[in-house]
Amino acid sequence: MPSKLIIIRGNSGSGKTTVAKALRARVGDGLSDDTMLVQQDVLRRDILRERDMPDKRSAITLIEMVVEFGRKQNRTVILEGIFAAKKYATMLHELASNFDEVYVYYFDIPFEETLVRHASKSNTHEFGEKEMREWWNEKDYLNMPNEKILHKDQSVDDIVHEILHDIGFVE
C-alpha cells in the first residue's frame, strides 16, 4: 500500500481543523485504523506549550518525527495547521518527498469569513481579531504539485468528499 500524506493548511478560522477531523471520522476511527491525524496546534501549543516564533525549531522537529512515525507505520497521515510557508515550507516539502502520494489543500478564505467562523468555535475566547490579523498570511500557497485551493463557498462535506475522492478512498 502506498504511503499517503494529506496536508490541510490555511489561516486561523478557515475551517482546516473541522475538515481534518471530519475527514478522519469518515476514513474511520479505532485501534485498527491506518490513518493518523497530526495537528500543528496540538503538538506546538498543547504538548510543547510554545509560541510559533521564527527561531523556535522544536515544533518543526516534533512534527517531522510524528509524521515520519506515521509513514513508517504505513499510516495515511493527515497533517493539519496554519503552517505559514515562510517558516514551514521547507519542512513540508521534505516530508512530502518521503511519501508515495501527497495531497495538499489550502483554504483561501477571506479574512472577514475567518472571523465569522472563529466566532462559532469553542476557543473563541482565547484570541480575537487583533491576533488573527497579526497571524494572517494572504494567499500563502506552497506551490506544491497538485495543491488544491479551497474556497469559502465549499461546505465541509463537499471538501471531505473531494479529498476522499482524490485519495481513492471507497466507503
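Two strands pair if DSSP finds at least two bridges between them. Strand 1 and strand 3 meet that mark, with five bridges joining them in the parallel sense. This is a predicted model. Its open sheet has five strands in the order 2-3-1-4-5, with parallel pairing. The briefing starts with that sheet and then turns to the helices.

**The sheet**

- Strand 2 (35–39) and strand 5 are the edge strands, and each pairs on one side only.
- Neighbouring strands of the sheet are turned by 20 degrees against each other on average, direction ignored.
- Strand 1 and strand 4 run parallel and share seven bridges.
- Strand 4 also pairs with strand 5 (residues 148–150), again in the parallel sense, over three bridges.

**Bridge partners across the strands**

- Y105 in turn stands opposite K148 in strand 5.
- R9 has G81 as its bridge partner in strand 3.
- L5 stands opposite V102 in strand 4.

- Seven of the seven residues of strand 1 are buried, so strand 1 is largely enclosed by the rest of the structure.
- In a regular strand the side chains alternate between the two faces of the sheet.
- Strand 1 is covered on both faces. K4, I6, I8 and G10 are buried on one side, and L5, I7 and R9 are buried on the other.
- Five of the seven residues of strand 4 are buried, so strand 4 is also largely enclosed by the rest of the structure.

**Helix 2 against the sheet and helix 3**

- Helix 2 lies across strand 2 and strand 3. It runs at about 50 degrees to strand 2.
- The axes of helix 2 (residues 40–47) and helix 3 (residues 58–72) come within 10 Å. They cross at roughly 130 degrees.
- Helix 2 makes the contact through Q40, L43, R44 and I47, while helix 3 brings A59, L62, I63 and V66.
- Six of the residues in this contact are nonpolar, one is polar and one is charged.
- An α-helix has 3.6 residues a turn, so residues three or four places apart point the same way.

**A closer look at L62**

- L62 lies in helix 3.
- Leaving aside residues up to four places away in sequence, L62 touches L43, I47 and L48.
- L62 and L43 are 19 residues apart along the chain, yet their C-alpha atoms are separated by 7.3 Å.

**Helix 4**

- The buried residues of helix 4 (residues 85–97) are A85, K87, Y88, A89, M91, L92, L95 and A96.
- These buried residues pack against three strands: strand 1 (4–10), strand 3 (76–81) and strand 4 (101–107).
- They also pack against helix 2 and helix 3.

Definitions and conventions:
Residues are numbered from 1 along each chain as its sequence is written. This is a predicted model: local features need pLDDT of at least 70, side-chain atom pairs count only at pLDDT 80 or more; totals for chains, interfaces and linings use all residues. Side-chain values use heavy atoms; hydrogens and water are left out. Axes are lines fitted to C-alpha atoms, for helices over the stretch in contact, and angles run from 0 to 180 degrees between N-to-C directions. Helices (H or I, at least four residues) and strands (E, at least two) are DSSP runs, numbered from the N terminus. Contact means heavy atoms within 4.5 Å. Ala, Val, Leu, Ile, Met, Phe, Trp, Tyr, Cys and Pro count as nonpolar, Asp, Glu, Lys and Arg as charged, and the others, Gly among them, as polar. Buried means under 20% relative accessible area, exposed over 50%, partly exposed in between (1.4 Å probe, protein chains only).
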